[in-house]
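The entries follow the order in which I looked things up.

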Amino acid sequence: MIIVMKQGAGKEALAEVKKRIRELGYKPHVIHGDTRDVIGAVGDERGKTVLQSLESLPGVESVVPILKPYKLASREIKPEPSSFEIAPGLAIGGDRVVVMAGPCSVESETQIVETALAVKAAGATVLRGGAFKPRTSPYSFQGMEEDGLKLLAKAREASGLPIVTEVVNPGDVELVARYADILQIGARNVQNFALLKTVGRIDKPILLKRGMATTIQEYLMSAEYILAEGNRRVILCERGIRTFETATRNTLDISAVPVLKSLTHLPVTIDPSHATGHAHLVPSMCYAGVAAGADGLIVEVHPCPEKAASDGPQSLRPGEFAAMMAKLREFVKVAGKTL
Ligand code: PEP
Ligand code: MN
């Protein structure tokens, strides 16, 4: 249920409504709007009509049901897009397209620092790099783990770029959060509910990838798991879905961008690297993502793709990335945004 407060309703009225929501066995989530506050009361759907009684409280304008199964993620509860800081002075979800770039995996200090400086010079504002890697084969490189996180921290120091890195299990969330500015949940973990709940309890933005066979509704339900625990800073990422097509690694569902933007207030990004699997296809998909309304991109860049420990074929060289960024500026301008 959404409890819509009257314009100008005071703090006491808000506190009283929150208290009554808790007494009725629901969890209140306050959303401060431009003109008025609303409170989402979430919990067991079956008895939610008891919340209707809150309509008689001072300061309450109306109590309306949220029709979508994802509540806090929906546009019903927050019609305007969410914009929030992912690092000091860097917001996502507003006028700026956030470009996150870096290697699939952290491999060495030289590799990650060199890449960080190169992507920063080309205009990226976040450095990516995997330290814990979810690999299809148990025999593939699994990542440098904490040593990789330490190298990411060095690269942040050298470049000034905040870092996004993946966490693959709930037991590592605290460790990864100690180093990372943004925690990534990979496609394979989109329905790892224990992991989603754990990252929902930390105070760091979460980049949540769409699964390769996840419907939009299932995907938003996964975002809801994080939001329901109290973490409001969820960034969505379309990274290609599995179809019958084999010419590309996955199929970039570009329509997911406007679909998601119409259903949720959360920022939406695309990952053209995992979507296509081929470096030469990445630039055009970056432009398409911006044209479709994406709030950001996450792109794999490696100083020497032929020697990459993972995902070399889809990684741009620093020079190719810089050329892509130069052209991207024009698309970003047409979209009415900045880089
Ligand atoms: C990655 O970003 O390196 C990654 C493993 O992505 P995904 O979870 O989308 O496959
Ligand atoms: Mn990768």
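I took contact to mean heavy atoms within 4.5 Å. The model is predicted, so I noted that local features need pLDDT of at least 70, that side-chain atom pairs count only at pLDDT 80 or more, and that totals for chains, interfaces and linings use all residues. Residues are numbered from 1 along each chain as its sequence is written, and side-chain values use heavy atoms, without hydrogens and water.

Entry on the domains. I looked up the domain assignment, which is automatic or from a database, and found domain 1 (2-64) and domain 2 (84-334). Their C-alpha centres are 35 Å apart. I found four residues of domain 1 in contact with four residues of domain 2.

Entry on the interface. Domain 1 and domain 2 bury about 310 Å² between them, with 34% of it on carbon and sulfur atoms; this is the accessible area (1.4 Å probe) lost when the two parts are put together, summed over both. I found zero salt bridges between domain 1 and domain 2 (a side-chain nitrogen of Lys or Arg within 4 Å of a carboxyl oxygen of Asp or Glu).

Entry on the cysteines. I found zero disulfides in the structure, a disulfide being a pair of cysteine sulfur atoms within 2.5 Å.

Methods: Chains are lettered from A and ligands numbered from 1 in the order in which they are written.
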